[in-house]
Amino acid sequence: MESVKIIDLKSNILEANDAAADRLRKKLKEEKTFLLNLMSSPGSGKTTTLLRTIEMLKNDLRIGVMEADIDSDVDAKKIAAAGAKAIQLHTGGMCHLDASMTEQGLGSIETQDLDLVVLENVGNLVCPAEFDTGASKNAMILSVPEGDDKPLKYPLMFQVCDVVLVNKIDTLPYFDFDMERFTEFVHDRHPGIEVIPICAKTGQGMDRWCQWLKDQVAQWQRDK
């Protein structure tokens, strides 16, 4: 009996996407445009964090935001009203963005006159972590009410990110969330990654986050 040829479709798809992501990163590097892929679960406070970030950095950086959602344009309208260039990306039911989708969005937002573009990925701790978008850096937000055990349940998300924001720290007295234990879990999966506690609503911790972001943009634009 002849052997049956097996094709790993997921492997082929990811390899093609990784190549497209590398090409996109190279292009952004030449334009000196920093692309941040921001990921989280729904309700973690991505948009609120972005609004506060724009408020604090809009005089220092030219900022654009690509809002990815299955439907609606609510978040993009909020971002535009805050003073950043914004477009809405509809994924047509897909739970993540890949490099090709990201490149389409960047073509519409016109990156040549922007220092920083933030891709607010679809709310999901699984699929977005699997696909390289071509971003310069990956960031994620976890909110205190979600619990400190998420690095154990969604390890890939923490492995692919370059910084972790812990949002809604004003609610720490009301939830069983141990920051030290959470940080230990994160570092078990990604040694040395920076963990920044914030409250986007009040602004607590946002100075540290904005400085991290400014430093990353400056280094991206400076390095050849």
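Predicted model: local features only at pLDDT ≥ 70, side-chain atom pairs only at ≥ 80, totals over all residues.
Local features need pLDDT of at least 70, side-chain atom pairs count only at pLDDT 80 or more, totals for chains, interfaces and linings use all residues, and side-chain values use heavy atoms, with hydrogens and water left out.

**Exercise 1.** Find which residues line the largest cavity, and which element gives the largest share.

*Solution.* 
- Start with the space: a cavity is a set of points on a 1 Å grid over the protein atoms alone where a 1.4 Å probe fits but cannot get out.
- The largest cavity holds about 40 Å³, a volume being the space filled by probe spheres set on the points, joined across faces, edges and corners.
- Its lining (residues with an atom within 4 Å of a point) is Leu36, Leu38, Thr49, Leu50, Thr53, Val118, Leu165, Trp209 and Leu213.
- Now sort by element, where helices (H or I, at least four residues) and strands (E, at least two) are DSSP runs, numbered from the N terminus. Strand E1 (34-40), helix H2 (46-57) and helix H9 (206-222) each give two or more residues, and H2 has the largest share, three residues.

**Exercise 2.** Work out where the buried residues of helix H3 (residues 74-81) sit around its axis.

*Solution.* 
- Asp75, Ala76 and Ile79 are buried, meaning under 20% relative accessible area, against over 50% for exposed and in between for partly exposed (1.4 Å probe, protein chains only).
- These residues cover an arc of only 100 degrees around the axis, so they lie on the same side of H3; the arc uses directions from the helix axis to the C-beta atoms.
- On the other side of H3, Lys77 and Ala81 are exposed.

Definitions and conventions: Residues numbered from 1 in each chain as written. 1 Å grid on protein atoms, 1.4 Å probe; cavity = no way out; pocket = protein on both sides within 12 Å on 5 of 7 lines; lining within 4 Å.
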